[in-house]
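Open the model in your viewer and keep the selection tool at hand. We will go stop by stop.

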Amino acid sequence: MTGALDRGVDAAAYAARANPVAKLAVGLSIAVAMVLSLDPVTAGTALLLEVVALPWCGLSPVALARRSWVALVAALAAGVGTALFGSGDPQAAAAVTARILAVTLPGVVLLATTDPTDLADALAQVLRLPHRFVLAALAATRLLGVLSDEWAVLGLARRARGLGGGGPLGRLRDHLGRILALLVVAVRRATVLATAMEARGFGAATRRTWARPSRLHPSDAVVAGYGLLVAVAATAAGVAAGTWHLVLT
Amino acid sequence: MTRSSGWPGAVGVAARGWGWRYATRRAWAVRGVDLDVAPGERVLLLGSSGSGKSTLLAGLAGLLDPGEGADDGTGEEEGSLHLDGVPARVARRRAVAGGAARTGLLLQDPLAQTVLARCGDDVAFGLENHAVPTVEIWPRVEAAMRGVAFPYPTAHPTDQLSGGERQRLALAGVIALRPGLLLLDEPSAMLDEPGTRMLREQVAAVLAATGATCVLVEHRLAGWIDLVDRVVVLDRTGGIAADGPPVTVFAAHGAALAAGGVWVPGHEPWRGAGPPRTPPATAPPGDGEMLLQARGLTATRRARARAGLPPVVAGIDVTVAAGRALCVLGDNGTGKSTLALTLAGLERPVAGEVVAGPRLAAGLRSPSPHRWRPRELVSRIGTVFQDPEHQIVATTVAAEIAVGPRRAGVPAADVEARVEELLGRMRLEHVARANPFTLSGGEQRRLSVAAVLAARPRVLVLDEPTFGQDARTWDALVALLRELIAAGHGVVAVTHDAPLAGVLGDAVLRLGSEHPDRGREEPRVGAA
């Protein structure tokens, strides 16, 4: 049931199969540890332990590279920036780079290996978030795909009307107009979608059942536990090396 | 309690002086409706656009809620609208709580009705909302999908469905709830002929199997008419204009309904359009001159190319000539729109070329329309998109018509004159100051044509110009296109409306349907 995922993602991998809430917990644990201290040992240890776990995450190297290159570029740029214009301390630069990567990597894995439908199921059933909001947001994500097609058509239609071209200012104005048109189209579509959802009983009762039960399994505890382990081990390593400093104080 | 195994039974409708006014509007959308529909009856609801047909269906579905206070609900209600003796709104709430829907509503726009990413999940959505026990959900989903002969498994992604397949999926989602009253709001208005035929067959099968009551709104009646045993015509000024068996109603009101835009069998506008393509008494100016030519053209949509999908049309050789019409026919997914957009200089050819004739390209650097600047293109090749709302760029109807000529550099006084002339010609004077988005479907279509004609392009490319249009607009469009052809314009019409091609076409280009990747279809504008 992972039709929405790309090729290059093995949905049957151990961590990929985990409940989305467990994957969220991993990201959250590590993020907390990374926020507490900015030092190369803590961030480096966390990143190392994440990379070690990658083979169980179901992402091929190509799929991983395609999804994380933006984070990689940002992390390196931030590191270089720190080295050149900040403290000038290469250790601080390494810490910044490693920290950004350590925080984003679990997020990349979560997004790449989780079908939005499964995420919504887990948020509503496991975390008990209000199902109306979760399902409305899920329906809206599907509409986004439709709107990206509409965006392309609006561009063609505006060219056909003689708009666009002529200087950066003209192009900016044309873009604003196109955005406005997209908003109108989006509201129309959303209104019809809301009617279709209501006509099928959405929002009329507080009780609902779930076609795809989302439950936690022992393996989810393993995945979430590993996230906690990464956070604790990284912090311990930082403390042991004497580089760990509580950022908040 | 048979609700999990059997159909709960057909629903009866009783409306007494019913009316509804949306909170955002001053005028009543529908008013003074007195109507009884017996359980199991199948009613075709007719009326000119703006007579409140969709509002009545929404009311029957229990979706209109006046609320408690003045600002509470979505509008104001008068009279009563009951299902089996219970107000429709209450019936909906009780049904959701009770686990089986009383009504099922199928809407017009296939793209906007799909809720979830996988087909099975989408069908299950309504069952979940009705709190059907989880163990019962999947058997009912699969039964509903079988019931509409859905060709894909439950895990199939919904974004790869064609418009017709989406409508059938939506129908499966509706019948999975076993409604006693099926409400169909122009379900085939956006489908091509094969898609419409399939949907009609599925609806007929569902009605036969369940005995459910049905209220249907449709403009194009052919085929649907055999499904219904009663026709009710809403009066634009309120109340019911006609009510009875189809034969009786059409015998008494057929001509009037047709004049009001309804596609009444036997009163189709092309019956009055004369023999196809009567040769003009005098040859059009520049008759036969080459305006545009495609040579070995292979074309695709940018989005498609990005997704790594193969081009939809390949190896096309075709000429657009002055005083001639070229009709491009084919079902959805055969690349008609792609071809049109590429001929119109909007998409870049993948291989081969599109070149403009020497007169059309005079004064430009390149003979290839896709290299022209927008302001150069607009006065040479005009494109009318399938969905008029996509090409709206101004806030009033008059300003919308002025955009093209202004961009082409026409002097202000001349622009004004052209706007005046087109407002009159296209019967849009009464809405000249209105926002284009507030117009009816027919008015929007006329506006989209007027706005393109204002820049006086020599070549006119129209993508499904008659799609979802009523008979009156159809007639007006055909008359206008014939006039343009006689005046020496080159017209390209992409359509699956065979009668349109019949009355226009000199040349017909038929694109095959045996394409390797037929499933994927773009939004209603640009059916790939």
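Begin with the two domains of chain A. This is a predicted model, and the centres of domain 1 of chain A and domain 2 of chain A, taken over C-alpha atoms, are 34 Å apart. To colour them, select 20-121 + 215-241 of chain A for domain 1. Then select 129-199 of chain A for domain 2.

Next, the nonpolar cores. The largest one holds 182 residues. Select B:Leu45, B:Leu60, B:Ala172, B:Leu216, B:Leu343, B:Ala450 and B:Val492: these touch the most other members. Now show helix 6 of chain A, residues 131-160. This helix gives the most to the core, with 9 residues. Another core lies apart from the largest one and has 37 residues. Among them are A:Ala53, A:Leu59, A:Ala75 and A:Leu110.

Zoom in on B:Ala172. Which residues is B:Ala172 in contact with, leaving aside neighbours within four places in sequence? Pick B:Val123, B:Ala144, B:Met145, B:Gly147, B:Val148 and B:Phe150 to see them.

Last stop: a sheet in chain B. Six strands form an open sheet with mixed pairing, in the order 6-7-8-3-9-10. Select 103-106 of chain B for strand 6 and 240-244 of chain B for strand 10. These are the edge strands, and each pairs on one side only. On average, neighbouring strands of the sheet are turned by 15 degrees against each other, direction ignored.

For a closer look, pick B:Gly104 and its bridge partner in strand 7 of chain B, B:Leu182.

Methods. Residues are numbered from 1 along each chain as its sequence is written. Chains are lettered from A and ligands numbered from 1 in the order in which they are written. This is a predicted model: local features need pLDDT of at least 70, side-chain atom pairs count only at pLDDT 80 or more; totals for chains, interfaces and linings use all residues. Domain bounds come from an automatic or database domain assignment. A nonpolar core is a set of buried Ala, Val, Leu, Ile, Met, Phe, Trp, Tyr and Cys residues joined through C-beta atoms within 7 Å. A residue is buried if 20 or more other C-beta atoms lie within 10 Å of its own, exposed if 12 or fewer, and partly exposed in between; C-beta atoms are placed from the backbone. Helices (H or I, at least four residues) and strands (E, at least two) are DSSP runs, numbered from the N terminus. Two residues are in contact if their C-beta atoms, placed from the backbone, lie within 7 Å. Two strands pair if DSSP finds at least two bridges between them. Axes are lines fitted to C-alpha atoms, for helices over the stretch in contact, and angles run from 0 to 180 degrees between N-to-C directions.
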